[in-house]
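Open the model in your viewer and keep the sequence panel beside it. This tour goes from stop to stop, and each stop begins with something to select.

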Amino acid sequence: MKNRLPIKIFLCLMISTIIFSCKKEIIVKNEVSNDTIQSGFSNKNNEKFDFLPTSTSQQIIVHDNYTLSYVEDKEQAEWVAYELKKNSSHNQNFERPFFIEDVKVGSGSANWKNYKNSGYDKGHLCAAGDMKFSKKAFEETFLTSNIAPQKHDFNEGIWNTLEQKVRYWSSKYDGIYVVTGGVLSGNLKTIGKEKVAVPDYFYKVLLDDSRGEYKMIGFLVPAIDSNKPLYEFVVPVDQIEKMTGIDFYPKLNDAIENKLEKANDYKGWSF
């Protein structure tokens, strides 16, 4: 018995050390993950700026070139956020891949077959045309977490016109921050076996700091084709926040954020 006691003590100490090491490793990994989500991009002065909105679902998915907040019961992202740099959309002709499910979405992103024969396009949120700087970035936009049902005339019409204007601004202002998605509130129509919600409105909220100060603009576009000029869809960002429950650019100084979000003056943007 005298010889067995030290062995038991030694084994207990060894087990305690292993458990402590494992816990420490898990904590470190979690800290890295959270820091990655909150880091955002650098602004024009190379200062760290967390440009991500708040998430109503708390399911934030970080990809290499954009971040999204996935809402499981709507089977799509409530927002997709990314920095659109000046040369991100230069015209490279990549072959369009098939849409695939996003394996990073823990609850599972909707299958593309929900859209088949539905009468709706698989409408990009982060536009494929915004990610033509590399094949990998372009293909990353073909995840089903990055699409929402859109009527073809809307997708190829006014929404495409807005996407092109955003690319123009990214070149003119040497890069801008983009947050975009469908408004997922209300009793929405659904498609497919997984009941993918069909938004009645889509929005974009843009932020620029190219001249040493921030300017912001919000677009709220009904999901129907339109020949109206883009500036007629400009609304205060506050209005989009009320409709979505999302706080856009919450890391901005409160006074600056409140001022920018109440304004709907588009004259600072070159139309």
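**Stop 1: Ser69**

Select Ser69 and show what surrounds it. Setting aside neighbours within four places in sequence, Ser69 is in contact with Ser55, Ser57, Gln59, Ile60, Gln76, Ala77, Glu78 and Trp79. This is a predicted model. Ser69 sits in strand 4, which covers residues 67-71. Is Ser69 buried or exposed? Its relative accessibility is 0%, so Ser69 counts as buried. Now display side chains. Those of Ser69 and Ser57 make a polar contact of 3.2 Å.

**The whole protein**

Zoom out and colour by secondary structure. The protein has six helices and 13 strands. Of its 271 residues, 47% are buried. The accessible surface comes to about 14,800 Å², and carbon and sulfur atoms hold 52% of that. Then look at contacts between residues at least 6 apart in sequence. Among these, 68% join residues at least 24 apart.

**Stop 2: Glu75**

Hide the surface and select Glu75. This residue lies in the loop between strand 4 and strand 5 (76-84). Glu75 has a relative accessible area of 6%, so it is buried, the cut-off being under 20%. Check the backbone too. Most residues other than glycine have a negative phi. Glu75 has a phi near 55 degrees, a positive value in a residue other than glycine.

**Stop 3: Glu194**

Glu194 is in the loop between strand 9 (190-191) and strand 10 (196-197). How exposed is Glu194? With 33% relative accessibility, Glu194 counts as partly exposed.

Show the surroundings of Glu194. Beyond its neighbours within four places in sequence, Glu194 is in contact with Glu75, Ser109, Ala110, Asn111 and Asn114. Two of these deserve a distance label. A polar atom of the Glu194 side chain lies 2.8 Å from the backbone nitrogen of Asn111. The side chains of Glu194 and Asn114 are joined by a polar contact of 2.6 Å.

**Stop 4: Asn117**

Asn117 is in the loop between strand 5 and strand 6. Its relative accessible area is 78%, so Asn117 is exposed, the cut-off being over 50%. Look at its backbone angle as well. Phi of Asn117 is near 60 degrees, a positive value in a residue other than glycine.

**Stop 5: Leu125**

Select Leu125 next. Leu125 lies in the loop between strand 6 and helix 2 (135-140). Leu125 counts as buried because its relative accessibility is 0%. Which residues does Leu125 touch, not counting residues up to four places away in sequence? They are Ala77, Val80, Tyr82, Asn146, Ile147, Ala148, Thr180, Gly181, Gly182, Phe202 and Lys204. Pick out Asn146 from that group. Leu125 and Asn146 are 21 residues apart along the chain, and their C-alpha atoms are separated by 5.5 Å.

**Stop 6: the largest pocket**

Now turn to empty space. Rolling a probe the size of a water molecule over the atoms shows where such space is left. The largest pocket holds about 360 Å³. To find it, select Glu213, Tyr214, Lys215, Met216 and Leu260, the closest to its centre of the 14 residues that line it. Strand 12 (215-222) and helix 6 (254-262) are the elements that give two or more residues to this lining. Helix 6 has the largest share, with three residues. Colour the lining of the largest pocket by class, and there are six nonpolar, two polar and six charged residues.

**Stop 7: the second largest pocket**

Finish with the second largest pocket, where about 290 Å³ of space lies. Select Arg96, His124, Ala128, Gly129 and Glu163, which lie nearest its centre among 14 lining residues. Which elements give two or more residues to the lining of the second largest pocket? They are strand 6 (121-124), helix 3 (152-156) and helix 4 (158-172). Helix 4 gives the largest share, three residues. By class, the lining of the second largest pocket has four nonpolar, four polar and six charged residues.

Terms used
Residues are numbered from 1 along each chain as its sequence is written. This is a predicted model: local features need pLDDT of at least 70, side-chain atom pairs count only at pLDDT 80 or more; totals for chains, interfaces and linings use all residues. Side-chain values use heavy atoms; hydrogens and water are left out. Helices (H or I, at least four residues) and strands (E, at least two) are DSSP runs, numbered from the N terminus. Buried means under 20% relative accessible area, exposed over 50%, partly exposed in between (1.4 Å probe, protein chains only). Contact means heavy atoms within 4.5 Å. A polar contact is a pair of N or O atoms within 3.5 Å; within protein, one must be able to donate a hydrogen and the other to accept it, and residues adjacent in sequence count only if both atoms are side-chain atoms. Accessible areas come from the Shrake-Rupley method with a 1.4 Å probe; for residues, only the protein chains shown count as cover. On a 1 Å grid over the protein atoms alone, a cavity is a set of points where a 1.4 Å probe fits but cannot get out, and a pocket is an open set with protein on both sides within 12 Å along at least five of seven lines; lining residues have an atom within 4 Å of a point. Grid points are joined across faces, edges and corners, and a volume is the space filled by probe spheres set on the points. Ala, Val, Leu, Ile, Met, Phe, Trp, Tyr, Cys and Pro count as nonpolar, Asp, Glu, Lys and Arg as charged, and the others, Gly among them, as polar.
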